[in-house]
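Hi everyone, thanks for making time for this. Let me put the sequence and the structure up on the screen, and then I'll talk you through them.

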Amino acid sequence: MSDTRTESDSIGPMEVPASAYWGAQTRRSLQNFPFPSHQRMPVQIVHALAAVKLAASRVNRKHGLASNLADAIEAAAAQIRAGEYDEQFPLTIFQTGSGTQTNMNVNEVIAGIANEELTGSRGGKEPVHPNDHVNKSQSSNDSFPTALHIAAVLTSRQSLLPAIATLHLALDGKANEFAGIVKIGRTHTQDATPLTLGQEFSGYAAQIASCRERLQDSLERDLSVLAIGGTAVGTGLNTPAGWRGDMVAALSDITGHRFRPADNAFEQLAARDGLVSYSGALNTLAVALNKIANDIRLLASGPRSGLGELSLPANEPGSSIMPGKVNPTQVEMLTMVAAQVIGNHQAITVGGMQGQFELNTFMPLIGANVLQSIELLAVGVDSFAKRCIEGVEANEERITELVERSLMLVTALAPEIGYDNAAKIAKHALESSQTLKQAGIELGLVDAQTFARLVRPQDMV
């Protein structure tokens, strides 16, 4: 038996592997865009496109698509969504900016599976045609951006939002656990007035809660809107009456997420502002995570020559030469994730600027980068919560020592003795290596009783 078969597209015949379910257009794309396999189109986009094809078959059945063809298309699309044919989608991210080759890859594979089911012969265009039947009433220009939104929404709901909830719970738990531990605050990396360690962690928890709200808002406002029904340029050419609403209803039913039709299909094809906006929320999350992680890194520095206020879980040895060394590896992982997400956002921003007139032509890049950011953040956030934050411990002896040595406790004296006199005490204490109390009494600016009454760190928080 031959190890290839002949398939054809509008340009001409192509030899494809006999084992492949895809046809000539997929083969042509593999030749024209020879990027390595690790640059493949994310499988979430493929699965989302399969959902589009499944919905389209359901709706097309109402408009005359033969039941036997519709049944075969729907069965094939459902199997692809379930991940049963992932190896049949070898195309790269870096292809046509509309994602047409990936759309046709999905169309051809669905047709190939359906035809094998109906005739026993893999591939081909009979009785199921990849364009006439699987792609009926669609264009790559509306089905591909629809798939990008679906993929981003479902991946976020399945992995990122639960991970963020886990981190928020861990940070909020530490805020409660550390509520009674008074420590010195720092601004500009310099000593400031006291707060509790719990208050410090409550700030981190609030940051994460705000990031979650931004993501949820963008999911609803920006990504729950679908371009489907616009076909080539937004006019809906070659779609039957009611197609757009029926498709969105079918996709909502299939995915379990409430989508809605675009108010203006021309905008949804010409621009990818919704994904740029969602990437902006991911970018903000990355910025927040970087700040929180770096604070944890610095507060846990040491254990003897740094701040040493926190102890982190010892997850693995930290050095191949220094015995006993333990490093903040979860922090390092998370900040690298943040850097990658911030970099992805820059590429997404550039992609959002591209595409002239009626179509954005950077869609594969935008979609792939958004999905990579979601995946990296989901894994990184979950790991940081479970392998770092949940095991963080407070070094109360060290925290107390630093509070007692802080010069900024003098702030409590300012309302009674004045800012300038309080500053003199702080300066004299620093220069003479005295305590604030000793310096204030020596300068004659405060007595012991007044100092004891006013300088109470636990009352300053």
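The accessible surface of the chain comes to about 20500 Å², and carbon and sulfur atoms hold 51% of that. Do keep in mind that we're looking at a predicted model. As for what's tucked away, 50% of the 461 residues count as buried.

Now the charges. There are 47 negative side chains and 36 positive ones, and the centres of those two sets sit 1 Å apart.

On to the overall build. You'll find 17 helices and eight strands in this chain. The radius of gyration is 30 Å, while the globule rule gives 23 Å for 461 residues, so the chain is more spread out than a compact globule. If you box up the C-alpha atoms along the principal axes, you get roughly 100 × 50 × 35 Å. And if we take the contacts with a separation of 6 or more, 71% of them join residues 24 or more positions apart.

Is Ser57 buried or exposed? With a relative accessible area of 2%, Ser57 is buried, because anything under 20% gets that label. A polar atom of the Ser57 side chain lies 3.2 Å from the backbone oxygen of Ala70. Ala70 also turns up among the residues Ser57 touches, together with Leu65, Ile73 and Glu74, once you leave out residues up to four places away in sequence.

Next stop, His63. This one is in the loop between helix H2, residues 43-62, and helix H3, residues 67-81. His63 has a relative accessible area of 33%, so we call it partly exposed. Which residues does His63 contact, aside from its neighbours within four places in sequence? Those are Pro240, Ala241 and Asp246. Ser277 is another matter: it is 214 residues from His63 along the chain, and the C-alpha atoms of the two are separated by 36 Å.

Last one, His149, which you'll find in helix H6, spanning residues 140-177. At a relative accessible area of 1%, His149 is buried. Its side chain reaches the backbone oxygen of Leu223 at 3.3 Å. What else does His149 touch, not counting residues up to four places away? Besides Leu223, the list has Asp222, Val225 and Leu226, and then Gln268, Arg272 and Leu275.

That's my tour, so over to you for questions.

Note on methods:
Residues numbered from 1 in each chain as written. Predicted model: local features only at pLDDT ≥ 70, side-chain atom pairs only at ≥ 80, totals over all residues. Heavy atoms only, no water. Helix = DSSP H or I, 4+ residues; strand = E, 2+ residues; numbered from the N terminus. Rg over C-alpha atoms; globule rule 2.2 N^0.38 Å. Buried < 20%, exposed > 50% of the residue type's maximum accessible area, 1.4 Å probe, protein only. Contact = heavy atoms within 4.5 Å. Areas by Shrake-Rupley, 256 points an atom, 1.4 Å probe, with all protein chains shown as cover. Lys, Arg positive; Asp, Glu negative; His and termini not counted. Charge placed at Lys NZ, Arg CZ, Asp CG, Glu CD. Polar contact = N/O pair within 3.5 Å; in protein donor to acceptor, adjacent residues only side chain to side chain.
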